[in-house]
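Here are my notes for you, written as numbered points. Have the model open while you read, and click on each residue as it comes up.

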Amino acid sequence: MNNGKICVSVCAETAEEFIKNIKRAEEFADVIELRFDCLESNQIDILFAKLRQLGRMNKIPFIVTFRAKEQGGKRKLTKEQRDNFWNSGNEIGWADLEEDVVEDSFSRLWDKKICSYHNFNGVPENLEKIYKRLRATKVDIIKIAVQADDIKSSIAVWKLLEQSKRENKDITDSLAVWKLSEHARQRSIEIIPITMGEAGKWTRILGLAHGAFMTYAALEAGKETASGQFSARDLIETYRVKELDEQTEIYGIVGNPVTHSLSPFMHNAAYKIHNLNAVYIPFEVKNLDEFIKKFIRKETREIELNFKGFSVTIPHKQSIIKHLDFIDETAQAIGAVNTVKIVDGKLYGYNTDAQGFIEPLKNSYGDLREAKVAILGAGGAARACVYALKKEGAKVVIFARSIKKAKSLASEFQIQLKEFSKTENQKPKTDFNNFDVFVNTTPLGMKGKLENETPMLAGQIKNVKLVYDLVYNPFETQFLKEAKSGGVPAIGGLAMLAAQGAAQFKLWTGEDAPIKEMSAAALRKLS
Ligand code: NAP
């Protein structure tokens, strides 16, 4: 548990809409940010009037902001317009002021003052100077928000949080000599560090646990007021940010992209059920070497986070291997690692994709010895499938659109390789009716451009005993619909996703995973 606050940011063009959003924000917010710069100019006075009507009965403090576009606001505003706004005598809570207006005397009447700095182009080299400048304004809270395009830059603001904690502690420690020391007359200044962008999302989750005064959240998904913002519901219910502390064990998914990963929902649901002081975070990592060096390895890391392990996804499943101290037999044979466990600073690599794939298949099909299995695709997922099927004694044939690319997989596992092609009207040429099982490991049918595509039509699989589509988003793919219409039993990709996640949970915590709840958490996010 920590003392941090959730600030829900509210933005609307009319006063009426604003009030509606404020009411909805009250469900989650400790503080509500009122983005006055979102309003049409004729609505500003109307909103202040409505807020006065709401009165101080409202127990949740408001933060008022009124920023020009170049400062991160919604509208073009002159300095004069901003001065007039802050001079209008409408003090209704806390004021979030930029450096150019913070010193003006008119802003003294606000309950608290925040001085904020925004940079949407990246992390400025003189960040520490800016921090000192803001601290020198003697406001109650300083806010520094910078854009991080990679995980390395997201460290810069985090270091300020640590610095601020040290400085505030120095001040508190020196209270005993209050009368003697001029230095002690300073007071603690809270900090809100924000790293915008996908690569900075981890700071929004862990900030409160490490002393940040507040973290910002969107009213709901789709209503974000800054890039990388989570919805308030996700921050509170999925990531449980107010329950975390410096001892919280940190897990996460390391890859690029990770924005749409369902793993945070599955794993955090499992931690909640098992009442573990642990959190699972999306880490968008473009440069894996930098991540391992600056976040993980004890000898070189720049910040101290209590990492216990992480999932690895595209494009790092192979490149992680060189960073490991140990790799287990299965991961070695597959040639890819999707799970890292950290024990006493050492990195142990595993692959749970094979187990995750085969468990649901065996549950539905039974004994796979001598079963004739066709696998479509020859990428990373196919490797884990082939490994697991061979171990079960199945007879596997790989179908790939590029024989050249698939050759190494086929020869490594000594299996047959055939070309997968389509007719001019996109109908798959091959008939798979002499196979027992057909597995799709290509992204055909996946949400986005390929959503309406299917690897196979109902007629081409009508004698197949079971089909298995690794694609899990959407839950019911076009291919699963084909299987259904042909009356062929089918397994969707969510089953594998949950099973490989459950195996990770077991590796990390030593406890049996609540797989049903993990699957349900992922499904809720899909629908
Ligand atoms: P990958 O390494 O990129 O491999 C994709 C394979 O599909 C390659 O062989 C590729 O052929 C082939 N392919 C791509 N587009 C195709 C098309 N239009 N027609 C025919 N073949 C095509 O990706 P991956 O990691 O194996 O993942 C593949 C799919 O499995 C993704 O949709 C992923 O979400 C899903 N998956 C699900 C789970 C789960 O837990 N359910 C786990 C892992 C993966 P080329 O080499 O010629 O491009």
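1. A search of the whole structure turns up one disulfide, meaning a pair of cysteine sulfur atoms within 2.5 Å. In general, a disulfide is a covalent bond between the sulfur atoms of two cysteines. Before going on, keep in mind that this is a predicted model: local features need pLDDT of at least 70, side-chain atom pairs count only at pLDDT 80 or more, and totals for chains, interfaces and linings use all residues. Residues are numbered from 1 along each chain as its sequence is written, and side-chain values use heavy atoms, with hydrogens and water left out.

2. Which cysteines pair up in the disulfide? They are C11 and C38, with sulfur atoms 1.9 Å apart. C11 sits in the loop between β1 (5–10) and α1 (15–25), and C38 in the loop between β2 (31–35) and α2 (44–54), so the bond ties together parts 27 residues apart in sequence. (Helices are DSSP runs of H or I with at least four residues, strands are runs of E with at least two, and both are numbered from the N terminus.) The torsion about the S-S bond is about -105 degrees, so this disulfide is left-handed.

3. C11 has 22% relative accessibility and counts as partly exposed, while C38, at 7%, counts as buried. The cut-offs: buried is under 20% relative accessible area, exposed is over 50%, and partly exposed is in between (1.4 Å probe, protein chains only).

4. Now look at helix α17 (residues 515–526). At 1.5 Å a residue, its 12 residues should span 16 Å, and the end C-alpha atoms are 17 Å apart, which agrees. (The expected span is 1.5 Å times one less than the number of residues.)

5. Which residues of α17 are buried? M518, A521, A522 and L526 are. They cover an arc of only 145 degrees around the axis, so they lie on the same side of α17; the arc is taken from the directions from the helix axis to the C-beta atoms. K516 and R524, on the other side of α17, are exposed.
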